[in-house]
Every structure is written in C-alpha cells, then in structure tokens.
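Let's take a short walk through this model together. Keep your viewer open and your selection tool ready.

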Amino acid sequence: MAKSLSFTCTACGALHSKWSGRCDACGEWNTIVEEAPLAAGPAGKSLGAKRGRGMALGDLATIEAPPPRTESGLVELDRVLGGGLVPASAVLVGGDPGIGKSTLLLQAAAAFANAGLKSVYVSGEEASAQIRMRARRLGLGDAAVKLATETSLRDILTTLEAEKPDLVIIDSIQTMWADTVDSAPGSVSQVRAAAHELTAFAKKNGISVILVGHVTKEGQIAGPRVIEHMVDTVLYFEGERGHQFRILRAVKNRFGPADEIGVFEMTGAGLAEVGNPSALFLSDRETPQPGTVVFAGIEGSRPLLCEFQALVAPTPQSQPRRSTVGWDGARLAMILAVLEARCGIPFAGLDVYLNVAGGLRVREPAADLAVAMALLSAREDAALPAQTVVFGEISLSGGLRPATQTENRLKEASKLGFTAAIVPERSKTGTDGGLALRQFSDLAGLVGDMFGAG
C-alpha cells in the first residue's frame, strides 16, 4: 500500500492535505513542503488484541521530596531556571542569530561542570576549533566540558549512552537529523523527531538536556509549536544588537515561575551578570527631558526600573506614523485613542515615536500610565518633575487601575533615589519607602493636574 503524502508549513507546522502557495494557518507564502509520514502504522483501525505492559499507578497522597537542583553559580541563569537545573529536564533556548546563545550556554556548561556535573557540549553548526577559540576568549579553556561536533542523532544518542553525562547541550536542534525520517535536516518532521528522541532520552536516563532553537522573523522558535510542549522549560534570549544588554526570559517553566528574567551584559570576555538591572538601565539618564518617564515595572519576581522615551512631531505625510521599540504597537494605538476620546487631546497630524531605553521589552499593562505621560510630556514639551516614577493601567473608559506588587515597585524606586511616584488610587502602597505619592482615579484628572488640559 502506498504511503499517503502530507504537506507541512515550515513556518508554523500546520498540516495540509495538498500543496498550495500560501498557508491558510499563518498566511506565509511558499512555506508548504511535501513530507513523508514519520512511520507507516498497521492497517487496522484499533490497537489489536495484543496486550501492552501495565502502567505503574500512584496517588496524590504520596509525599515525595522535590527534585534536587544543581546551581551553576551564575545567579541570573539560576534565577530564570527557578533555582537551578533539575535532573531529567529538557530546556529549550531560543534567540535571534548572533545574540549570544552559544556564548551563554558555553559559559553555563563550564559553570555546571565546576559545580560537579559531567557536561557534554554537542555542536552541529561550528567546528571544534571554533568552539575552543571561543572558550579561550571567555577564559574557559581549562573547563571540564566534553566537546563534540555531530549532527547524526543516532551517533549522538549512542555516545551519550556510553558516556552517561549529567548535562547535554545541543546547539542547535535544527541541525540534528534522524535517519528514520525521510526529510531534510531542519524540516518540521526532523526537528519534531529529534526533539522527541532527545527529550525521551533525558527522561529515561535522568540527564538534563538543553536544546538551542533558531527563531523566525516574528521572533518565535522555528519549527512546530509542539516542541515547546515537549520540553519542561522554554527560555528566550532577547536583546538589541545596538545595545550591550541581554535578557534571558522564561516563557514556560514546569519547575519555577514563568516570566522570570535574567539580565546580562555583553562584554569582550563574554556575558557578565547584572545584579542590579534597574541602576544599569537608568545609568545613562540625564536631567529629565520632555518625553522621558521612568517606569517602575515587575519582570517575573523582581522589580525593574526603565525609561520610556517619546517623540511627538508634526508629520508631512497624510497618514501619521506610529513607531514603537520595546512596546506593543496595538497598545500604543489604544492609549492614543483614550487620550483623544476621554481627555480631548488629539494626535491627528502628529508622528508618534516610542522607545524603551536600553533595548528592554516591556509587556505588562502597568506601563500604560508611563506611556501616556511620556506622550503628553513630548506633545506639550514639558518635562515631568525630577526623581518621579510612574506606573498604572489605563482602562478604555479613561479610569486608572492599580498595578500588582505596588509596594515592591515603590521600594525599588526609593532604593535608587527616587522621591515621588504617580500611581492610581486604591493602590496597595504598604510601606511606600518614604516616597511622596500622587494618586489619581482617572486619566483626565491626572492630565488636568499635570498639564492643565483635559
């Protein structure tokens, strides 16, 4: 019986019954390729009469000790992992090309080796000489890390079974190929099969596996999303090429909090940890200027202060431009609409540019108020009072809603020398750290008090 053909989108992993030029799921063009099925199963519609092996069943009342963790000594990395590396876990690390993934994981391999783990680094993209050169540049030439350059999954698993390491780093999963899958390396079927085999191997043998994944132009890990469901932890390594700061962010973690971040600084000797990221992101801040506002945010479990910068200028075009860096463009459009509808402040005929200083990406809605204040400050050419932080969520009705962990935000601001804060009413300030608080119930009242408008 001939095998039935399947067609898969290389951008999103969606399955199609026939080839077409455009994927209906993600809208990409020329990404659908023909692939043979992973395996030809039996023709019967059921599993048949052959009995399988019984499963070991437990109960919820059984008390087991939490899995032991191994700390690398890299505090920022251990924080993102939830307190250290868990045995028999699978971790997926994604990031833009050249952002520093290989550098970070080579440093991590050396750190875990110094902590007592038998570490193996497998590269499918670089030669051994290139990795050794990087290790010497990072000062890791004497680290007890086993090194291999291989892309055959069968050879890798055979070697790992003989070596029995504690930690394996695969750089990258897109270069691995399994000879049981009839498709090219990097295809959806190959990536899915390689990730499944490595994850199953890690669970069966109690080995921690870290997989490096490429990302698409949208910033998502390339290949089917099922890979992110297979692994225990998904980390994204973020940063702008023009900035030295790098953010390691956990978007999924079965062993710790998600949305936790670790901050690193790219130097000539590798990635250096940043113990106080708030001070670093505000280190180049000069005297308050129109359009600049300091936002007290929360990333994971840690408070983090950063600066929003806005520029509002007349446009010569018929359609004003809205440009954002480090902030959601749809949320910016919403705030502009609220300012016009609820406060009577139009931005028609004006170009709007918004930037988060330092290359940081802010996602929480508590930054709404800081964005609105930066836009109004730039439009009115009036700087906010010095040493003032702003945070709060804006509703479509123009009301201000309190943010979570208000007390931690205020403590971090006080620690860095700020003396005042603009927050929504009903915020649970607790011990405010000695800051002078200005609380408002709606955006119109705040605009009228600060800028005499609205």
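## The sheet and its helices

Begin with the open sheet: nine strands, ordered S6-S5-S7-S8-S4-S9-S10-S11-S12, with mixed pairing. Helices (DSSP runs of H or I, at least four residues) and strands (E, at least two) are numbered from the N terminus, and two strands pair if DSSP finds at least two bridges between them. At the edges, select S6 (145-149) and S12 (270-273), each of which pairs on one side only. From one strand to the next, the twist averages 25°; angles run from 0 to 180 degrees between N-to-C directions of axes fitted to C-alpha atoms, for helices over the stretch in contact.

This is a predicted model, where local features need pLDDT of at least 70 and side-chain atom pairs count only at pLDDT 80 or more, while totals for chains, interfaces and linings use all residues. Residues are numbered from 1 along each chain as its sequence is written, and side-chain values use heavy atoms, leaving out hydrogens and water.

Next, select S9 (residues 233-238) and S10 (residues 245-253), an antiparallel pair with six bridges. Phe 237 has Leu 248 in S10 as its bridge partner.

Now move to H3 (residues 128-137), and color its buried residues: Ser 128, Ile 131, Arg 134 and Ala 135. They lie on the same side of H3 because they cover an arc of only 125° around the axis, taken from the directions from the helix axis to the C-beta atoms. Buried means under 20% relative accessible area, exposed over 50%, and partly exposed in between (1.4 Å probe, protein chains only). What do the buried residues of H3 pack against? Show H2, S5 and S6, with contact meaning heavy atoms within 4.5 Å. On the face turned away from the buried side, find the exposed Met 133 and Arg 136.

Finish at Gly 139, which follows H3 and has a positive phi, near 75°.
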